[in-house]
Amino acid sequence: MSIFARPADTGAPPQAGPATSPAPQGANGQGSYSTSPTARSAWRSSRLIVLLGVLVVLIAVIGVLLAPGRGESRPLDPDDTSLAGSKALAEILRGRGVTVERVGSAQAAAEKAAAGDKLLVITDLTYYDEEELARLPGDRLVVGPLPYMERVAPGVRIEPGDNRSRSREPECGLPAAAAAGSVHIGGLAMRGPAGTVGCFPVEDGHLLVRFQADGGVTTVVGDGSFMTNQRLAEDGNAALAINLLQTGKSVVWLARPADPPAVDLPGESGKSIYDLMPESIRWAIYMAIIAVAVAAFWRGRRLGPVVTEKLPVVVRAAETVEGRGRLYRARRARGRAAASLRAGTIDRLAPRLGLGSGAGQHEVVAAIAARTGQDAHQVGTALYGPPPTDDAGLVALAGYLDFIERQLSEL
């Protein structure tokens, strides 16, 4: 029998139940008592739980208020003690007699380079002019992945794709890499000009290249995770980092500035968009708001009351999203699903970043990297890179896009 069918009617009359005794009279003369809990009885039964909850919240708040403040993590910064920083490497070099000077501007790097024979270490290009840095003389170590990395290392060609970080053998004759042995490294694959020495080979090139440039020796590394405080003690990471930096020259380390400049660029004569607005624009906005309110009130009264219509079927939004996701999965349309995720993310983030609907790829990536502090190459790959090749890659892409949106919404 179907579960939706009614039970058969036996036609038997209902059986008479046992006689019920009259309800007892209450104190107020009524025939029943209220069984609903009163405020007093509810407080008595739950006051211990409430007091314990308040105590836990107070302890958590006091712990947060008394905890020492931690600044934002600055990747590959010689003064940063977080897992992504390179404070440990800088201290090891200083202990070996190497002078390590941290600079936060291209002008300061130029002044240090002009003072003598230096090794310029470039670990961030977000707020710097690549052309100005490319003109600086002397040896340099460029640690990627960085946007426009080819401009500060002329002659290097970056291959598309990203290689997973793992323990790799140098397989080259470069003394600095050969002496270090296996290193936990990955990142961008590169090809250099004629005469380039490449180490840590991958399918499309090498993860470390060194060649002779016009102003000195240029070394480019596709991934700087082996120089961080988190990875420095693994494999031969510390040996490779020390060998690359300990060249008998003072180290000028160009890192992200401690106080990044504002993203908004000044207009003509150094004036912002607010300075260029006429003074009467405020009153025009006020009048527009009043006109819109009056028109809405006028038209709203003419529409009459809202008529509700009972729909035959109500489909929840979550079920629609789940159904479409199952269709994508059944057809293995990972590329189309990734394109939908990326397009939706860009459409939602562009207004928050102050960008128009026709903003280009470089504008969107630079704005997101500047606001969130994320690596620009990683952001560009997530928003405009190739489609994922498996379900795990699609899930990772969706998680990273959601992480970027949550970061921007918290700013």
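Two rings of Phe, Tyr or Trp form an aromatic pair if their centres lie within 6.5 Å, the six-membered ring being the one taken for Trp. The structure described here is a predicted model.

## Aromatic pairs

A search of the whole structure finds 2 aromatic pairs. One of them joins Trp283 and Tyr286, with 5.8 Å from centre to centre and 85 degrees between the planes. Planes over 60 degrees apart count as edge-to-face, and the pair of Trp283 and Tyr286 is accordingly described as edge-to-face. Both residues belong to helix H9 (residues 281-303), where they are 3 residues apart, about one turn of the helix. Trp283 counts as exposed, with a relative accessibility of 57%, and Tyr286 is partly exposed, at 43%.

The rings of Tyr400 and Phe403 have centres 6.4 Å apart and planes at 35 degrees, so this pair is tilted. Tyr400 and Phe403 lie in helix H14 (residues 391-410), 3 residues apart, and are separated by about one helical turn. Tyr400 is buried, with a relative accessible area of 14%, while Phe403 counts as partly exposed at 30%.

| Residue | Relative accessible area | Class |
|---|---|---|
| Trp283 | 57% | exposed |
| Tyr286 | 43% | partly exposed |
| Tyr400 | 14% | buried |
| Phe403 | 30% | partly exposed |

In soluble globular proteins, nonpolar side chains tend to be buried together. In this model the largest nonpolar core has 35 residues, and those with the most contacts inside it are Leu89, Phe200, Phe226, Met227, Leu240, Leu245 and Trp253. Helix H7 (residues 237-245) provides the largest share of this core, namely 5 residues. Another core lies apart from it and has 22 residues, including Val103, Ala109, Leu146 and Ala153.

Which residues does Phe226 touch, not counting residues up to four places away in sequence? They are Val183, His184, Ile185, Val221, Arg231, Leu232, Asn237, Leu240, Ala241 and Leu244.

## A pocket and a cavity

Rolling a probe the size of a water molecule over the atoms shows where empty space is left. The second largest pocket has a volume of about 510 Å³. It is lined by 16 residues, and the closest to its centre are Arg324, Gly325, Tyr328, Ala337 and Leu394. Helix H10 (317-331), helix H11 (334-352) and H14 are the elements that give two or more residues to this lining. H10 gives the most to the lining of the second largest pocket, with 7 residues. By class, the lining of this pocket divides into 7 nonpolar, 3 polar and 6 charged residues.

The largest cavity holds about 40 Å³ of space. Its lining consists of Ala109, Lys112, Ala113, Lys118, Leu119, Leu120, Pro137, Gly138, Asp139 and Val252. Helix H3 (106-114) and strand E2 (118-122) each supply at least two residues of the lining of the largest cavity. The lining of this cavity has 6 nonpolar, 1 polar and 3 charged residues.

## The loop residue Lys249

Where does Lys249 lie? Lys249 is placed in the loop between H7 and strand E11 (250-254). Lys249 and Leu120 are 129 residues apart along the chain, and their C-alpha atoms are separated by 9.7 Å. Leaving aside neighbours within four places in sequence, Lys249 is in contact with Val98, Asp117, Lys118, Leu119 and Asp139.

How values were computed: Residues are numbered from 1 along each chain as its sequence is written. This is a predicted model: local features need pLDDT of at least 70, side-chain atom pairs count only at pLDDT 80 or more; totals for chains, interfaces and linings use all residues. Side-chain values use heavy atoms; hydrogens and water are left out. Rings of Phe, Tyr and Trp (its six-membered ring) pair if their centres lie within 6.5 Å; planes under 30 degrees apart count as stacked, over 60 as edge-to-face and the rest as tilted. Helices (H or I, at least four residues) and strands (E, at least two) are DSSP runs, numbered from the N terminus. Buried means under 20% relative accessible area, exposed over 50%, partly exposed in between (1.4 Å probe, protein chains only). A nonpolar core is a set of buried Ala, Val, Leu, Ile, Met, Phe, Trp, Tyr and Cys residues joined through side-chain atoms within 4.5 Å. Contact means heavy atoms within 4.5 Å. On a 1 Å grid over the protein atoms alone, a cavity is a set of points where a 1.4 Å probe fits but cannot get out, and a pocket is an open set with protein on both sides within 12 Å along at least five of seven lines; lining residues have an atom within 4 Å of a point. Grid points are joined across faces, edges and corners, and a volume is the space filled by probe spheres set on the points. Ala, Val, Leu, Ile, Met, Phe, Trp, Tyr, Cys and Pro count as nonpolar, Asp, Glu, Lys and Arg as charged, and the others, Gly among them, as polar.
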